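Me: I am new to this structure and would like to go through it in questions and answers. Please show it first.

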Amino acid sequence: MKSTALALLGLCLTTACTQAAEAQPSLAARLNAPDGFKVSAYATGLKNPRLMAVAPNGDLFVSDQGAGRVYVLPDRNKDGVADSKQVFAEGLNAPHGLAFQGGYLYVANTDAVVRFAYKPGDLKATAGPAKLLDLPTGGGHSTRTVVFGPDGKMYVSAGSSCNVCEESDPRRAAVWQYDADGKNGRLFASGLRNAVGLAWMGDTLYASNNGRDNLGDNIPPESFYRLSAGGNYGWPYCYSLNGVQIYDKDFGRKDASVCKSATAAFTTVTAHSAPLGINFYTARTFPTQYQGMLFAALHGSWNRSERSGNKVVMIDPKTGKVSDFLTGFLDKQTSLGRPAGVANAADGSLMVTDDQNGTVYRISYGNQ
C-alpha cells in the first residue's frame with residue numbers, strides 16, 4: 001500500500017492532489033468487485049474526469065470536464081499505475097466524449113466537436129483544435145458524446161434542454177450521424193432524453209439513457225437501447241417499462257398512440273441511477289463470462305428518497321440481465337464516489353472514472 005501511495009503522489013504536486021492521492025488507495029480498497037478481481041487507483045488529482053479513449057499506442061486519454069482539459073495517463077512502465085498526468089489540450093469548453101479516428105483525437109465539447117492531429121505517442125497536442133461542427137447549448141444536459149462506427153461515420157449525442165418538453169432543435173435528445181469531417185449531418189436516432197453513453201458492438205450502436213424526473217422514486221427506470229437508423233425511443237411522450245413503451249400521462253402531449261411507433265429499451269436499471277459511460281469488454285484477460293459484456297457506470301441519483309446507482313454494472317447484451325460489478329461507492333446514503341466512464345485498457349484491465357474524487361480506477365483479474 002505504501003509504495004502505491006508514493007507512486008500516486010508522483011502524479012502531481014499540489015496540496016489538493018497530494019491529499020487525493022493519499023485518500024484514494026483506501027477508497028479503492030473498499031470497492032467490491034467479483035472474486036478474482038483487484039481494484040486499484042490508477043491516477044488521482046483530476047478535477048472532473050468523465051469519459052475515456054485508448055490511443056492507438058495504448059495510452060489512456062481522459063476528458064476532465066471541470067478543468068476544460070484532456071489528459072494523457074500513460075503507463076509505459078506497465079505497472080498498473082499512470083506514469084504521469086500529461087495535459088494534452090486545455091482551454092476546452094466542458095470536454096466530454098473522446099474518440100480516435102484516422103490520425104485525429106476527436107473531442108466533444110459542450111458547444112462543438114473539435115479534433116486534434118494525433119501521432120501515436122503524442123503527449124501534447126501539436127496544434128490547436130479544428131472545429132468540425134457546432135452543437136446546441138443552454139438548458140439542461142451539457143455533456144456531449146462522440147463515437148465512430150464500423151462504417152467510419154461519426155455519431156454524436158446531445159441531451160435534452162429540459163426535463164420533459166418538445167424540443168425545437170432536432171439535434172437535442174438525439175444521436176446524429178456525420179462524416180468524419182463533420183459534414184453531411186443527419187438525424188440517426190431520436191427520443192433519447194440524455195444518451196450519455198454510446199458504444200458499438202458489431203454493427204449495432206448501444207446507448208444508455210437518463211429518464212425524466214418528477215414521477216416518483218421508481219418511474220421511469222433508466223434505460224438501455226439498441227439504436228438503429230431512423231429509430232425513435234419515446235421521449236418526451238413515452239418511457240420504457242417492462243419491455244414496452246408507456247404513455248407519459250403527466251406530460252400529456254399527443255396521445256398514447258404515439259408510443260406504438262417507439263422502440264422499447266432492451267433492459268433497464270433503477271430509476272434516477274443516472275447511467276453515463278458504457279463500454280463493451282472486448283479483451284481476453286477477464287474470464288469468458290465477462291467477455292463481450294456491456295459495462296455501464298451508474299453515476300448515482302440526486303433526487304430519490306433512497307439513493308440509487310453509484311456503481312458499475314454488467315449487462316448481458318443478449319438477454320438484458322443486469323448484475324453488479326463494482327460497488328462500494330455508497331456508505332448507506334452517503335456518496336463516497338460517482339462512476340462516470342468505463343473503458344478497456346490496452347493491457348486488458350477495465351478503467352473506471354470517478355468524477356467525485358477525481359480518480360481513475362483500474363480493475364484487473366488474477367495476476368494481471
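Me: How far apart are the closest N and O atoms of the salt bridge that R193 forms with D213?
Reply: A salt bridge is a side-chain nitrogen of Lys or Arg within 4 Å of a carboxyl oxygen of Asp or Glu. R193 and D213 form such a pair, and their closest N and O atoms are 3.6 Å apart.

Me: Where in the chain do the two partners lie, and how many residues separate them?
Reply: Helices (H or I, at least four residues) and strands (E, at least two) are DSSP runs, numbered from the N terminus. R193 is in the loop between strand 13 (186-190) and strand 14 (198-201), and D213 is in the loop between strand 15 (204-209) and strand 16 (222-227). The pair links distant parts of the chain, 20 residues apart.

Me: What kind of model is this, and how are residues numbered?
Reply: This is a predicted model, in which local features need pLDDT of at least 70 and side-chain atom pairs count only at pLDDT 80 or more, while totals for chains, interfaces and linings use all residues. Side-chain values use heavy atoms, with hydrogens and water left out, and residues are numbered from 1 along each chain as its sequence is written.

Me: Is R193 buried or exposed?
Reply: Buried means under 20% relative accessible area, exposed over 50%, and partly exposed in between (1.4 Å probe, protein chains only). R193 has a relative accessible area of 5%, so R193 is buried.

Me: Which backbone oxygen does the side chain of R193 reach?
Reply: Contact means heavy atoms within 4.5 Å. Leaving aside residues up to four places away in sequence, R193 touches several residues, including H141, N163, D213 and W235. At 2.8 Å, the side chain of R193 reaches the backbone oxygen of N163.

Me: Is D347 buried or partly exposed?
Reply: R362 and D347 meet through their side chains in a salt bridge of 2.8 Å, N to O. R362 is in strand 29, and D347 is in the loop between strand 27 (339-344) and strand 28. R362 is buried, with a relative accessible area of 5%. D347 has a relative accessible area of 34%, so D347 is partly exposed.

Me: How many salt bridges are there?
Reply: R212, D248 and D250 are linked in a network of salt bridges. By the 4 Å rule, the count comes to 13 salt bridges.

Me: Which strand gives the most to the lining of the largest cavity?
Reply: On a 1 Å grid over the protein atoms alone, a cavity is a set of points where a 1.4 Å probe fits but cannot get out, and lining residues have an atom within 4 Å of a point. The largest cavity holds about 130 Å³ of space and is lined by 17 residues, with N209, G211, W235, C238 and Y239 nearest its centre. Strand 16 and strand 18 (238-241) each give two or more residues to that lining. The most, three residues, come from strand 18.

Note on methods: A polar contact is a pair of N or O atoms within 3.5 Å; within protein, one must be able to donate a hydrogen and the other to accept it, and residues adjacent in sequence count only if both atoms are side-chain atoms. On a 1 Å grid over the protein atoms alone, a cavity is a set of points where a 1.4 Å probe fits but cannot get out, and a pocket is an open set with protein on both sides within 12 Å along at least five of seven lines; lining residues have an atom within 4 Å of a point. Grid points are joined across faces, edges and corners, and a volume is the space filled by probe spheres set on the points.
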